[in-house]
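Subject: Structure handover

Hello,

Here is the structure for you to look through. My notes on what was found in it follow below.

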Amino acid sequence: MYFGWQVQAEGSGKTVQGELNKALFTISKNSDFKSLGAGRTDAGVHALGQVAKVSIHLEIAPDNLLKALNGNLPEDIRVIHAEKSDAEFFPTVHAISKEYHYRFTSHRTFTALQNDLIANHPFEVDVVAMREACKILIGKHDFTNFYCEGTEVSSYIREIFECEIIEVPQGQWTMLPAHYVFRIVGSGFLKQMVRLLMGAVWNVGRGKISLETFKSSLSSVKMERLGAVAPPQGLYMVRVNY
């Protein structure tokens, strides 16, 4: 398991950016390089569509860089596309929106093969009520109550463009079970915001909190948490839009 995207202090464990930097060093034979991701991911969280900008002192075509990186990265990290960018491009600042998926089942016991890929919330849930909670999230809101401290931010206001619960049937060619996807697209997300929202939406589905309480939590007035932080393995950074 990787300890998220961002490079940590020495001895803190492997990270995706750390492995990328090792590959860049091997390719360029120079320590004068930079890498910058579009966003952080926590330990155990997956990224299908992370975007990173790298700067190295080496003339190399994008396709050749892609092949060289994949030849030097661990097999569970892959670069799927590379292109040149201008010096002014920043994957963080210039992102228009980001899309996250949280995959989960709601069974008393989870299947043997899902643990690292799909979270299990072992309670019966009312999916109709959860979908109503998703509708409430669409729009511009203050997410003070859905943020874990650790990174300073200038504003807790974010805009959610799309939010829904999708049912996924069991795949014919996979051993993964039928499950749900909490899909959310927004202008940006605070630290652990999606996982906290998932925890609250689960509690709406269990009838532990009302839709009115959930709606009232989207304000700058600090409230008691409406749910636990959902486990990391269900969360996927799916894409960053520019």
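Is Glu-132 buried, partly exposed or exposed? Before the reply, please keep in mind that this is a predicted model. Glu-132 has a relative accessible area of 33%, so the residue is partly exposed.

Salt bridges

Side chains of opposite charge can pair when their charged atoms come close. The structure holds nine salt bridges, and one of them joins Glu-132 to Lys-135, with the closest N and O atoms 3.1 Å apart. Both residues belong to helix α3, where three residues, or about one turn of the helix, separate them. Lys-135 has a relative accessible area of 53% and is therefore exposed.

Helix α3 takes part in another pair. Arg-131 meets Glu-167 in a salt bridge, side chain to side chain, at 3.7 Å from N to O. Because Arg-131 lies in helix α3 and Glu-167 in strand β7, this pair ties together parts that are 36 residues apart in sequence. Arg-131 counts as partly exposed, at 31% relative accessibility.

A further salt bridge brings together the side chains of Arg-239 and Glu-99, at 2.7 Å from N to O. Arg-239 is in strand β9 and Glu-99 in strand β4, so the parts tied together here are 140 residues apart in sequence. As for cover, Glu-99 counts as buried, at 6% relative accessibility, while Arg-239 counts as partly exposed, at 38%. Both residues belong to a network of salt bridges that also links Glu-162, Glu-164 and Arg-183.

Nonpolar cores

The largest nonpolar core has 44 residues. Those touching the most other members are Tyr-102, Phe-143, Phe-146, Phe-182, Ile-184, Met-198 and Phe-214. Two or more residues of this core come from each of the strands β4 (97–105), β7 (157–168), β8 (179–186) and β9 (235–241), and from the helices α3 (127–137) and α4 (193–205). The most is given by α4, with nine residues.

Leaving aside residues up to four places away in sequence, Met-198 touches Tyr-102, Phe-104, Met-130, Phe-182 and Ala-230.

There is also a second, separate core, made of twelve residues. Trp-5, Ile-56, Leu-73 and Ile-77 are among them.

Surface and chain start

On the surface, Leu-36, Phe-90 and Val-93 form a nonpolar patch. Together these three have about 270 Å² of accessible area. Leu-36 is placed in strand β1, which covers residues 33–37. With a relative accessible area of 33%, Leu-36 is partly exposed.

Ala-9 sits in the segment before α1 (16–28). Its relative accessible area is 55%, so Ala-9 is exposed. Between Ala-9 and Asn-72 there are 22 Å in space, C-alpha to C-alpha, and the two are 63 residues apart in sequence.

Regards

Terms used
Residues numbered from 1 in each chain as written. Predicted model: local features only at pLDDT ≥ 70, side-chain atom pairs only at ≥ 80, totals over all residues. Heavy atoms only, no water. Patch = residues over 30% accessible without salt bridge, like charges linked within 9 Å, V, L, I, M, F, W, Y side chains within 5 Å. Areas by Shrake-Rupley, 256 points an atom, 1.4 Å probe, with all protein chains shown as cover. Salt bridge = Lys/Arg side-chain N within 4 Å of Asp/Glu carboxyl O. Helix = DSSP H or I, 4+ residues; strand = E, 2+ residues; numbered from the N terminus. Buried < 20%, exposed > 50% of the residue type's maximum accessible area, 1.4 Å probe, protein only. Core = buried A, V, L, I, M, F, W, Y, C linked by side-chain atoms within 4.5 Å. Contact = heavy atoms within 4.5 Å.
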